[in-house]
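Reader: Hi! Could you walk me through this one?
Author: Happy to, here it comes.

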Amino acid sequence: MIHRHLGKVVAGAAVAVTAGAALIAVTLPGSASGDEGPGGGGPQGSAAEQGQASPRPGVVESAPDKAKKGTGRDPLTEDEMKRAQSLALSRDFRAGSENVKGRTGPQHLSTDLAELGPDEVGKATPPRRAEVTYYDYKDDTYVTKTVDLGTGKVENTDTQRGVQPPPSRGEAVEAARLLIGDKLGAGLRKDFKDATGRTLTAPGQLTVTGFVYRGSGDSAGPASVQDCGEHRCLRLFTRVVNGPWIDTRQLVVDLSDRSVARLD
């Protein structure tokens, strides 16, 4: 059995360790649930009993219409994000790139409002541009495309290697899929079985959060993770849906070559 240090444990937490990984079940104190009984230390009685006016009943209002275009420095609307992504994903770029599953087309990461240039700040009607970022698994590059939403032109394309931005939801899910199917995922599968009585077969049975692992700069590891940083590698925080956490932090999933390694 390998002992794993899980860091600080909050009051009320119970830790159960099995042969594969660590399951963590956290029980909040009674006061944390917002349910204060007599003598619980919280405010007691209704608003009227405390000499306060009774609150007025809530009013449900209709949601405002969604604008197709934003103005000034407003956040991008859904229509603007879709337009930016469509303009950024040219036919050639799509055909010559791969996503996290090895399919044609880059892995979309984010779409955000671009910063203004120094001479554009303070203008009454500044241009609205979007920055659309991708990860191309074909050659492990981080690609940023700047799109002018007014003219519909891609103004700039920046391609970098060795840059690892935070992973997208799709990348974390795919990393979990690879881990579940790998022999090093045996501990995860066993702990899930112990916690639920069911067999773990798909990422949808877990709540997954992914963090970039950059190789030797992050932590000592075997030769199999030395390409991380140049490759797209993730460590995962995994949890049974509506259940306990299962500690998989000692495992690294290399999404670029679709392999799993264990840290020292």
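Author: First a term: buried means under 20% relative accessible area, exposed over 50%, and partly exposed in between, with a 1.4 Å probe and protein chains only. This is a predicted model, where local features need pLDDT of at least 70, side-chain atom pairs count only at pLDDT 80 or more, and totals for chains, interfaces and linings use all residues. Residues are numbered from 1 along each chain as its sequence is written, and side-chain values use heavy atoms, with hydrogens and water left out.

Reader: Thanks! So is Glu115 buried or exposed?
Author: Glu115 counts as exposed because its relative accessibility is 66%. You'll find Glu115 in the loop between strand E3 (107-113) and E4; strands here are DSSP runs of E with at least two residues, numbered from the N terminus.

Reader: Switching to E5, how many of its residues are buried?
Author: Eight of the eight residues in E5 (141-148) are buried.

Reader: Which residues sit on each face of E5?
Author: Thr141, Val143, Lys145 and Val147 lie on one side, with Tyr142, Thr144, Thr146 and Asp148 on the other.

Reader: And how many bridges join E4 to E5?
Author: Eight, and the two strands run antiparallel; pairing takes at least two DSSP bridges between strands. Tyr135 has Tyr142 as its bridge partner. In their hairpin, with four residues between the strands, Asp140 has a positive phi near 50°.

Reader: What about E5 and E6, how many bridges there?
Author: Eight bridges join E5 to E6 (residues 153-161), again antiparallel. Val147 stands opposite Val154, and Gly152 in that hairpin takes a positive phi near 80°.
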